[in-house]
Amino acid sequence: MSNRPDVELRLPAESAYVAVLRMTTAGLAARLDFTLDDIEDLRMAVGEACALVLEHASARGDLRASFDLSDGSIRVSISADSEPGSEPDSDSFGWQVLTALTSDVRTHREGALLWVSFTVRSSITA
């Protein structure tokens with residue numbers, strides 16, 4: 001079994017590119033037959049996760065997204081190159097939105113990359 005995600009995307013770490021990532025996310029969820037409400041929740045969660053990592057992103061760094069697709073759920077991992085020691089604010093409104101819309105929200109650091117990961121399940125298979 002491979003640790004390679006089903007889909008990976010790398011963009012400049014700028015807020016202007018978050019719309020591209022949200023649209024890609026919606027397309028993947030639609031292929032998994034998520035409902036329109038589930039897709040909108042997922043798009044919002046991706047936007048909030050991007051905001052959390054972009055707040056700490058290094059200039060001219062990358063915004064990365066990986067997607068692990070399974071029957072009825074998507075595991076999303078968003079990261080950006082960031083300064084050491086920077087962490088998302090778990091008391092922020094964005095964090096509260098993210099944890100309300102998703103499950104299994106986690107942050108971790110992998111070298112210079114600050115990651116926020118979460119899972120969204122389709123309400124059809126719930």
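The model is predicted, so local features need pLDDT of at least 70 and side-chain atom pairs count only at pLDDT 80 or more, while totals for chains, interfaces and linings use all residues. Residues are numbered from 1 along each chain as its sequence is written, and side-chain values use heavy atoms, with hydrogens and water left out.

**Overall fold**

- The protein has three helices and five strands, where helices (H or I, at least four residues) and strands (E, at least two) are DSSP runs numbered from the N terminus.
- Read from the N terminus, the order of elements is β-α-α-β-β-α-β-β.
- The radius of gyration is 14 Å, close to the 14 Å that the globule rule gives for 126 residues, so the protein is as compact as a globular protein of that length; the radius is taken over C-alpha atoms, and the rule is 2.2 Å times the number of residues to the power 0.38.
- Along the principal axes, the C-alpha trace spans about 40 × 30 × 30 Å.
- Of the 126 residues, 44% are buried (buried means under 20% relative accessible area, exposed over 50%, partly exposed in between, with a 1.4 Å probe and protein chains only).
- Among contacts between residues at least 6 apart in sequence, 67% join residues at least 24 apart; a contact means heavy atoms within 4.5 Å.
- The accessible surface is about 7,000 Å², with 49% of it belonging to carbon and sulfur atoms (Shrake-Rupley method, 1.4 Å probe; for residues, only the protein chains shown count as cover).

**Helix α2**

- Helix α2 covers residues 36-54, 19 residues in all, and its first and last C-alpha atoms are 27 Å apart, close to the 27 Å expected at 1.5 Å a residue (the expected span is 1.5 Å times one less than the number of residues).
- Its buried residues include D38, I39, L42, A45 and V46, and also C50, L52, V53 and L54.
- The cover over the buried residues of α2 includes α1 (18-31), β2 (62-70), β3 (73-81), α3 (93-101) and β5 (113-121).

**Helix α3**

- In α3, the buried residues are G94, W95, V97 and L98. They sit on the same side of the helix because they cover an arc of only 160 degrees around the axis (the arc is that of the directions from the helix axis to the C-beta atoms).
- On the face turned away from that buried side, α3 carries the exposed residues F93 and A100.
- Cover for the buried residues of α3 includes α2, β4 (103-110) and β5.

**Salt bridges**

- There are seven salt bridges in the structure, each a side-chain nitrogen of Lys or Arg within 4 Å of a carboxyl oxygen of Asp or Glu.
- R10 and D62 form one of them, at 3.8 Å from N to O. This pair links R10 in strand β1 (residues 7-12) with D62 in strand β2, 52 residues apart. R10 is exposed at 58% relative accessible area, whereas D62 is partly exposed at 22%.
- R75 and D104 meet with their closest N and O atoms 3.2 Å apart. R75 lies in β3 and D104 in β4, so this bridge ties together parts that are 29 residues apart in sequence. R75 is buried at 19%, and D104 is partly exposed at 36%.
- E87 and R109 pair up at 3.6 Å, N to O. E87 is in the loop between β3 and α3 and R109 is in β4, so the pair ties together parts that are 22 residues apart in sequence.
- Salt bridges with shared partners also join R10, D62, R64 and D81 into one network.
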